[in-house]
Amino acid sequence: MIWNKTETLSRSEIQAIQLERLRWQVNYAYERVPFYKKRMDAIDLKPEHIRTLKDLEKLPFTVKTDLRDNYPTDLFAVPNKDIVRFHSSSGTTGKPIVVGYTRNDMDNWTECCARMCTAAGVTNEDIAQVAFGYGLFTGGFGLHYGLERVGASVLPISSGNSERQIMFMKDLKSTVLIATPSYVLHLSEIMQDLGVQRDEIYLKTGMFGGEGHTPEMRELIEQRLGINDTQNYGLTELCGPGLSYECLEHSGMHINEDFFIAEIIDPDTGEVLPEGSEGEMVITTITKEGIPMLRYRTKDITSITYEPCKCGRTNARMDLIRGRSDDMMVIRGVNVFPSQVEAVLMGVEGIGQYYQLIVTTEKFMDKIEVQVELMDGAMLDSYSKLEQLTQEIRHKIKTVLQIDVKVTLLNPKTLERTAGKSKRVVDLRSKTF
Ligand code: DLL
């Protein structure tokens with residue numbers, strides 16, 4: 001089933017819509033957001049210079065730090081009274097990024113998510129358990145509104161409390177599960193531990209996202225829960241979930257091209273790459289009223305094809321995310337930059353500048369261990385001081401990242417020193433499941 005016929009337009013039809021909307025969006029951003037006006041004026045670029053889709057390349061990139069530097073709402077194109085919803089996610093330092101949706105933006109976001117639900121096979125016959133967090137994270141609310149629009153019965157259980165999740169799953173006979181893939185695997189393990197049998201649950205569809213998963217993980221999820229697993233992609237900066245979605249063909253994620261224009265660039269040179277090349281994805285919003293994003297660098301590495309899909313949709317498809325061009329990690333759906341941890345550690349007395357983050361997967365949940373050197377090894381002799389310091393660091397990191405980490409204090413000069421870039425992150429995840 002296809003939700004909206006714009007998912008099946010010919011390339012020239014979609015391009016015509018994109019060009020008209022792009023010209024509107026650039027003009028709108030230029031007129032209303034001083035940041036964009038300044039950037040464009042600096043290179044003598046005026047909105048009327050955008051005459052073709054190719055002219056998009058003339059626009060400067062926007063990056064995550066631009067949002068942080070303009071915290072909280074300086075990139076907004078409307079006053080707060082026209083905003084009906086804020087969302088937020090962590091940035092590279094203590095300050096998060098904040099985005100805002102107007103009523104029209106909310107309507108468009110819901111439309112994008114309804115397409116995504118339909119592509120996964122969800123209908124008004126379904127009972128959908130939303131185990132994404134509700135709150136500033138876009139996952140819960142984004143899916144919620146999309147599911148409601150297709151008429152599914154929504155169970156807004158939010159994340160966590162696994163036994164309760166399983167109880168409702170059995171008792172309400174949920175047919176769709178929405179969560180991060182790592183949480184789904186964790187849930188499946190708990191089901192095994194509790195002795196829940198496959199015929200006690202009614203799930204048939206999984207709508208997963210917020211982080212990627214390997215084909216091995218997908219197979220395991222499908223095997224354990226007997227469901228059809230679909231991947232969904234998005235970023236807080238652009239709308240959250242709904243930017244792109246998999247259909248049941250599992251052959252890439254369909255991009256909502258009447259709301260977003262996608263480009264693939266060489267992350268080092270910024271050069272736009274031809275169809276099929278792997279590189280960093282750059283997205284331009286073309287209907288946003290709250291916070292327009294012109295050529296936003298996602299840092300996510302993928303490739304794009306314009307070949308129509310067997311499902312009948314003709315919109316561009318992006319490959320599953322292959323990695324990131326920066327050092328951001330996605331831990332249980334939360335964006336974590338090593339620099340955030342570093343900023344916390346640097347503010348703790350008695351801690352040296354050498355640290356390492358060890359990322360593993362335990363029972364399919366990502367875990368971070370922060371190993372950090374003490375300034376003075378003598379402290380290792382005092383259990384109470386060590387314990388106090390460990391808890392202080394854990395608490396501070398939790399305040400910034402909203403995730404619990406294990407903290408291990410090391411003797412001075414334990415970690416390897418290198419002349420070049422230091423290896424701050426040891427990611428053992430792919431090897432641990
Ligand atoms: O994770 C939005 C979202 C929520 C998408 C729920 C889908 C479902 P952020 O918290 O801002 O937004 O994180 C965005 O997460 O740049 C990717 O690196 C990563 N990411 C999100 N979805 C996927 C995916 C939401 N399906 C960052 N595969 C992005 C791989 C993903 N990575």
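The legends below go with several close-up views of one predicted model. Residues are numbered from 1 along each chain as its sequence is written, and side-chain values use heavy atoms, with hydrogens and water left out. Because the model is predicted, local features need pLDDT of at least 70 and side-chain atom pairs count only at pLDDT 80 or more, while totals for chains, interfaces and linings use all residues.

**View 1. The two domains of the chain.** Here you can see the protein chain divided into domain 1 (1–325) and domain 2 (329–431); these bounds come from an automatic or database domain assignment. Their C-alpha centres lie 31 Å apart. Domain 1 brings 18 residues to the contact and domain 2 brings 11 residues, where contact means heavy atoms within 4.5 Å.

**View 2. T110 in helix α4.** Helix α4 spans residues 103–119 and contains T110; helices (H or I, at least four residues) and strands (E, at least two) are DSSP runs, numbered from the N terminus. T110 counts as buried because its relative accessibility is 7%. For all views, buried means under 20% relative accessible area, exposed over 50%, and partly exposed in between (1.4 Å probe, protein chains only). Leaving aside residues up to four places away in sequence, T110 touches Y145, G146 and R149.

View 3. For C112, the nearest cysteine sulfur is that of C239, 5.5 Å away. C112 is buried, with a relative accessible area of 2%. The sulfur of C117 has its closest cysteine sulfur in C113, and at 6.6 Å that is too far for a bond. C117 is buried as well, at 0% relative accessibility.

**View 4. The largest nonpolar core.** A nonpolar core is a set of buried Ala, Val, Leu, Ile, Met, Phe, Trp, Tyr and Cys residues joined through side-chain atoms within 4.5 Å. The largest one has 49 residues, and those touching the most other members are L59, L67, L238, F260, M281, M293 and I304. Elements that each supply at least two residues include α1 (11–32), α4, β7 (228–235) and β11 (279–285). Helix α1 gives the most, with five residues. Another core, of 25 residues, lies apart from it; M329, V336, L389 and V407 are among its members.

**View 5. Helix α6 and its buried face.** In α6 (residues 162–171), the buried residues are S162, Q165, I166 and M169. Seen down the axis of α6, they fall within an arc of 95°, so they line one face of the helix; the arc is that of the directions from the helix axis to the C-beta atoms. E163 and D171 are exposed on the other side. The cover over the buried residues includes β3 (127–130), β5 (176–179) and α7 (181–194). Just after α6 comes K173, with a positive phi of about 60°.

**View 6. Strand β11 between its partners.** Strand β11 is mostly covered, with seven of its seven residues buried. It pairs with β10 in the antiparallel sense over six bridges, and T285 in β11 is the bridge partner of F260. Strand β12 (residues 296–302) also pairs with β11 in the antiparallel sense, over four bridges; here G279 has T302 as its bridge partner. Strands pair if DSSP finds at least two bridges between them.

Terms used: A disulfide is a pair of cysteine sulfur atoms within 2.5 Å.
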